[in-house]
Amino acid sequence: MNRADLVAVLPEVILLAGALAVVTLAVFADRPRAEWGTAAGLALFLAGVAAGVQWWALGDTPGSLHFSARGLEVLRNPMVVMDPYSALAGIAICVVGLLGLLAAWELVGSLGRRGPEFVALLLLAVAGLHAMTIAANLVLLFLALETASISFYVMAGFTRERLDADEAALKYFLLGSFASAIFVYGVALLFAATGALGIYGAGGLRSFFATTIVVEPGVLVVALGMLLVGFGFKVSAAPFHQWAPDVYQGAPSGAVGLMAAGVKLAGFLALGRVFAAGLPAQIDRWSSAVAILAGVSVIVGSVLAAVQRDVKRLLAYSGVAHAGYVLVGLTVGVFGLPAVTFYATTYAVMLMGAFALVGAVSGSGGGASPFEDWAGLGRRAPGLALAMTALLLGLGGLPFTAGFVGKLQVFTAAIRGGFLWLVVLALVTTVVGLYFYLRVVATMYFDDGEGAVAATPWTTRVVVGVAVVVTLALGIFPWPYLDVVRDALPL
Amino acid sequence: MTLADYLPIALMALLGLGFSVVTLWLSWKLAPNRPTAEKLAPYECGIVPLQEPAERFPVKFYLVAMLFVIFDVEIVFLFAWAVRMDEFGWAGIAAVGLFMALLGETLAYVWKRGALDWNVPYRRRYRRVVAEPLEEAA
C-alpha cells in the first residue's frame, strides 16, 4: 500500500470517519444536534474536496489502478481505479449527499435520539455509493452496492410509527436483496465464462476479451443479462421498477431524495463503467438489450406516471422514464458516457430539489403526498410553487433547463450510434412526460386548496435553491460542464 | 457445449414461467375483487390492535443474538490474519488494529445505548429509544 492508494479511497476514509464522529459526538459526548450535524456536513464536504483533489492530481493522465496486499498483484487484479470518471463521480455524489443531509435535517430533528444513527447511516450510504463508482472489481462493486443498499433499507423504515414506512422498508429490502442475488449470480457466471472478476489489469475482463474470441457465448450472454437485471433493479428501469413507487411513497420524504437520486446516480455510473468501459468488446451482445430496456422504461414510466394522483408516485414513475433516457445514451457504449454522466448528475440534483419540496409541502417525516396537498400552492406558498415549477419543467426537458441539454446529449449520442427508432420513441414519451409534469403545475396554480403551508426550514430552502440554480444555469450555459464531462472518461 | 445443450434449461425456465403466470392469472380471474380500505392497507401481522397490551413481551434475546453475529464474524476475520501474521508484519498489525478499533467503537456504542442491559424491563428500553423522540417532537 502506498500513498496513491490512500488518495484513491480518501473520500471513503473521510466519510467513514465522519460516521464514527457523528456517533461518538452524539452518544458519548452527548453534544447537541448542531454539532454532530456539522461534523457530518463537514465529512461530506471534505470527501467532495478529496474527490476534487483527485481530479486535479490526475491532470491529463487517464487514471491509475490501486489496492492489493502485494505490489505486483495490483497490475494483475486491481480492486480500485482512480480516473477522471471516478473523480467527477465522487464530487457529484458528495454534492448530492450534502443536499441529502440538508433535506433530511428537519426529519433528523424529529427523530430525537435516533437522529445520529440516521445521519451515520446516510454517511455510510454515501461512502457505499462512491465505492460503487471507483470499484474496478465486480466483487468490490457488489460489496459497495450492498453497503449503500442496506443503509437505504434501514433509512426507508426509520419512522417506525407509520405502517406504510414499514411496508416500504420491507418491500425495498426483499426486492433489493433479490436483485442483489441476481447481480451476484451474474458476476459468478461472468467469472465462469471468462475467469475474470476485475475489469482492468492483466487478469481483467478487458485483457481477456482483447486476446480471446468467445465461440460459444451461452454462459457469457446469460451473465451479461443477469448483470443488467441487477443494475436495472437498482436504477428502477422497467420492467424491474415495481418497488420504486411504493418505497418512495412510504419512506419519509426527507430521506427519499437521497435514496432515489443517489442510487440512480451511482448505479448509472457503475453501469457505465462495467458495460461501456469493461465490456466494450462485447457491445454487439449487450447494446440491443440495453436499448430494449430503455425503450420499455420510457414507455412504462411515462404512461404510468400520467395516471398517478400522488406527487411522490409520479416522481417515482417519471424516474423509471428517466432511467430509460439515461440507458438510451448508454446504448452506444463509451462514446455515450459523457452524455450519461451529464444526464445522471443533473437529474440527481433536480430530483433532490423536487423531493425536498415534497418534504416541505407534505411534511418531511410523512409518507404520501397527494395532489390535494399541492392544490392552490401558487397562492398559499408562491415561492415553493415557483421552485417546483422550475424543477418540473427541468425534469420534463423544456429548453433553458439542464433537463433539455441532458436529453439533447443522450439523443445525439444514440442517433450517432444508429438507434434512431429508440430516439423517436423517447421523443414521443418526452411529450407525454410534459403532460404529467404540467398537470402538477396546473394543480398548483389553477386548483383551490385549503390551509397554510408550514414554514420551510432554511436547510430545505438551500437544497431547493441549489437545485433550481443548477437546473437553470446548466440549461442556459452548459458548455463549461459539457467540457468537464467530456474529459471525465473512465480508464 | 453447444446451444442445443441448453434446451432442457430453457424448457425448465419456460415451464416455471408458464406455471407461475397461469396460477397468478387464474387466481386473479377466479377470485372476486371487492377492495375496501382495510383490505388495501399494508398487512403486517394479524389485526391492528385497538389498544396497547397490558404487558410487553421481551425480545431482548434477538438483539443479543444479532450483536453476537457481528462479533463472531470479527473473530473469523482475525483467524485469516493470524495464520499469516509473520508475513504481514507491522502493516498487518496496523490494519487489524484499525479493524479492532472500529469494532471496539461499535461495542462501546451498543453498550452506551443500553442494548446489553439484560435486566432493563422492555418497556423502559422501548421508552428510551422510541417514545422519547415522539415526546420531544410533540
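In the largest nonpolar core, which has 197 residues, A:Val96, A:Leu122, A:Leu123, A:Ala156 and A:Met352 touch the most other members. Helix 16 of chain A (residues 337–362) gives the most to this core, with 19 residues. A nonpolar core here is a set of buried Ala, Val, Leu, Ile, Met, Phe, Trp, Tyr and Cys residues joined through C-beta atoms within 7 Å. A residue is buried if 20 or more other C-beta atoms lie within 10 Å of its own, exposed if 12 or fewer, and partly exposed in between, with C-beta atoms placed from the backbone.

This is a predicted model, where local features need pLDDT of at least 70 and side-chain atom pairs count only at pLDDT 80 or more, while totals for chains, interfaces and linings use all residues. Residues are numbered from 1 along each chain as its sequence is written, and chains are lettered from A and ligands numbered from 1 in the order in which they are written.

Here is chain A in brief.

| Property of chain A | Value |
|---|---|
| C-alpha span along principal axes | about 70 × 60 × 40 Å |
| Buried residues | 61% of the 491 residues |
| Secondary structure | 23 helices and 2 strands |

Helices (H or I, at least four residues) and strands (E, at least two) are DSSP runs, numbered from the N terminus.

Now for chain B. B:Phe99 sits in helix 4 (residues 85–112) of chain B. B:Phe99 counts as partly exposed because it has 14 C-beta neighbours inside 10 Å.
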